[in-house]
Amino acid sequence: MTKERIYLFDTTLRDGQQTPGVDFSVEDKIAIAAMLDEFGLDYVEGGYPGANPTDTAFFSRRQTQSARFVAFGMTKRAGVSASNDPGLAALIEASSDAVCLVAKSWDYHVRVALGCSNEENLESISASVKAVVAAGKEAMVDCEHFFDGYKNNPEYALACAKTAYDAGARWVVLCDTNGGTQPPEIRDIVQAVIAAGIPGANLGIHAHNDTGQAVANSLAAVEAGVRQIQGTLNGIGERCGNANLVAIIPTLVLKDAYNTRFTVSIDRERLEGLTRLSHRFDELLNRSPDHQMPYVGASAFATKAGIHASALLKDPRTYEHVPPETVGNLRKVMVSDQGGKANFINALKLRGIVVAKDDPKLDRLIEIVKEREATGYAYEGADASFALLACRTLGSIPSFFHVDSFRVMVERRYDANGNLKTVSEAVVKVVVDGETMMSVAEGHGPVNALDLALRKDLGKYQSEIADLELADYKVRILNGGTEAITRVLIESTDATGARWWTVGVSDNIIDASFQALMDSIVYKLLKNRGEAGRVAAE
């Protein structure tokens, strides 16, 4: 039997950005797009060019290599021709492979939100799709509020979808924008759309999670015939979020109910990177991963002492619906942790580090990582620090330089004009080839001053770090009180475009920052020599 293809459409950078507290910079978007592209998604929707400076800058060039890069925006306004609509022009001119047009499909919204007639709305859909197709781009239409619109006026909702399809849209996406539709309703309405003349091979589903059923609704739509699923990483999105691709993708790949009938762009080998992708994304958002998230959560394959743990150790299938390594996760038994070695070997192999399963140094590395994670380190989001720890434990790395001491001072004072100022100054003593050098720098805050002083003079290595830049700096307090343990995550980049992440943990934020800064510089020097294994972001 020939399997049908399910296409995976990620809208993290557009709909996911509606999440309260989430505000992506251009650099964030570039990094996330690269992560999604590398993982193997079919479509990456980047945002709304022309609507804000961030998205406009992001669409100045194509941001994906394999995935189709999608610009999102509205159909043309009623009463204006497609060629004279500035919003539509911005979409067509953006550096994208495809354009996703959002269109009203509920007559109530047409009347209240657009203030035009039903016929004018249909004309806007048709003309906009034709303009996108004429520009040589793949066109798709998000039929906003489709399910609510269908329940109130099925003839008009179907007319909107059919108009988009007839005009040449590759995909007509049915949106449960309010997130209140139930799985049986999804199935019935999708089947009605197909019966009305739009093939399932041209239909998509965009589900919101307001009743906690976005994943179930997406899969119900697949059962009914749609062949594109839209969602976000970790289910982020406005209100209660969107359909979670991190839960949907492994279900499609691993579960016989789907993998015997359908195929997706993510194969089993790539699926092993799912946990890492999910956790890296949470680190970028500067939030703690959800321990109970399906498949990838720290507790997804964790069992406490008792009959469950006893049975699990005899045969993992007794309490695991899939093997944790299939999604890159770890089995955890609280009393006696028997899992993880194969995952470590695979993680090291990905970084170009080969180690034998019976090497006692591997056991020591696992022990160190577990000890450090217990104190607050998180290596899923700090690949460079993990690579350095592995190199130091399993072998050795060159001693490029040694920091003899550092001192950071923060002074709050009035300047000559009577203005209150806070000044940060750092002093670092560095030893290179037996020669001690002292560097002093002022910065915007103590960490910036320390960074500038540390990188001010590294002797013969100074030219090698000239292109090193700190792209991001995140701080997370791991427990309460003024004596709290702090984790610092630093993202670095260089002229090659590579990005890497380092981590430091301490009860002193300056010390934690210093650990991460040191790791970043050492990793850069190793990378220059090709000794750092595979850079995670490359």
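**Strands, helices and loops of a predicted model**

Guide: V488 stands opposite G504 in strand 18. The model before us is a predicted one.

Visitor: How many bridges join strand 17 to strand 18?

Guide: The pair V488 and G504 belongs to this pairing, G504 being in strand 18. Strand 17 covers residues 486-493 and runs antiparallel to strand 18. The number of bridges joining the two is eight.

Visitor: Which residue takes a positive phi in the hairpin of strand 17 and strand 18?

Guide: Five residues lie between the two strands of this hairpin. The positive phi is near 90 degrees, and the residue that takes it is G497.

Visitor: How many residues of strand 18 are buried?

Guide: From strand 18, R499, W501, V503 and V505 point one way, and W500, T502, G504 and S506 point the other way. The residues of both groups are buried. Strand 18, residues 499-506, is thus described as mostly covered, and its count of buried residues is eight of eight.

Visitor: In what order do the eight strands close into a barrel?

Guide: The pairing around the barrel is parallel. From one strand to the next, the twist averages 25 degrees. The strands close in the order 2-3-4-5-6-7-8-9.

Visitor: What is the bridge partner of G47 in strand 4?

Guide: Strand 3 (residues 43-47) and strand 4 (residues 68-74) run parallel and are joined by four bridges. In strand 4, the partner of G47 is A71.

Visitor: What angle does the direction of helix 3 make with that of strand 4?

Guide: Helix 3, residues 86-93, packs on the sheet. There the helix touches strand 4 and strand 5 (98-104). Its direction and that of strand 4 make an angle of about 180 degrees.

Visitor: How many charged residues are in the contact of helix 1 with helix 13?

Guide: Helix 1 contributes D28, A31, I32, M35 and F39, and helix 13 contributes L274, L277, R280, F281 and L284. By class, eight residues of this contact are nonpolar and none is polar, while the number of charged residues is two.

Visitor: Why is helix 9 described as largely enclosed by the rest of the structure?

Guide: The buried residues of helix 9 are A214, N217, S218, L219, A220, A221, V222 and A224. After the helix comes G225, with a positive phi near 135 degrees. Helix 9 (residues 214-224) is largely enclosed because its buried residues number eight of eleven.

Visitor: Is H145 buried or exposed?

Guide: H145 is in the loop between strand 6 (138-144) and helix 6 (146-152). Although H145 is not a glycine, its phi is positive, about 55 degrees. Buried means under 20% relative accessible area. At 8% relative accessibility, H145 therefore counts as buried.

Visitor: What is the relative accessible area of Y295?

Guide: Y295 lies in the loop between helix 13 and strand 11 (302-303). Phi of this non-glycine residue is positive, near 70 degrees. Y295 is buried, and its relative accessible area is 6%.

Visitor: Which strands stand at the edges of the open sheet?

Guide: This sheet of three strands has the order 13-14-15 and antiparallel pairing. Strand 14 (residues 420-432) pairs with strand 15 over nine bridges, and A426 has A441 of strand 15 as its bridge partner. Each edge strand has a single partner strand, so one side is left without a neighbour in the sheet; these strands are strand 13 (402-414) and strand 15 (435-443).

Visitor: With which residue does the side chain of R455 make a polar contact of 2.8 Å?

Guide: R455 is in the loop between helix 18 (446-454) and strand 16 (469-477). At 17% relative accessibility, R455 counts as buried. Leaving aside neighbours within four places in sequence, its contacts include Q462, I465 and I521. The side-chain partner in the polar contact of 2.8 Å is D451.

Key. Residues numbered from 1 in each chain as written. Predicted model: local features only at pLDDT ≥ 70, side-chain atom pairs only at ≥ 80, totals over all residues. Heavy atoms only, no water. Pairing = 2+ DSSP bridges. Axes fitted to C-alpha atoms, helices over the stretch in contact; angles between N-to-C directions. Contact = heavy atoms within 4.5 Å. Buried < 20%, exposed > 50% of the residue type's maximum accessible area, 1.4 Å probe, protein only. Polar contact = N/O pair within 3.5 Å; in protein donor to acceptor, adjacent residues only side chain to side chain. Nonpolar A, V, L, I, M, F, W, Y, C, P; charged D, E, K, R; others polar.
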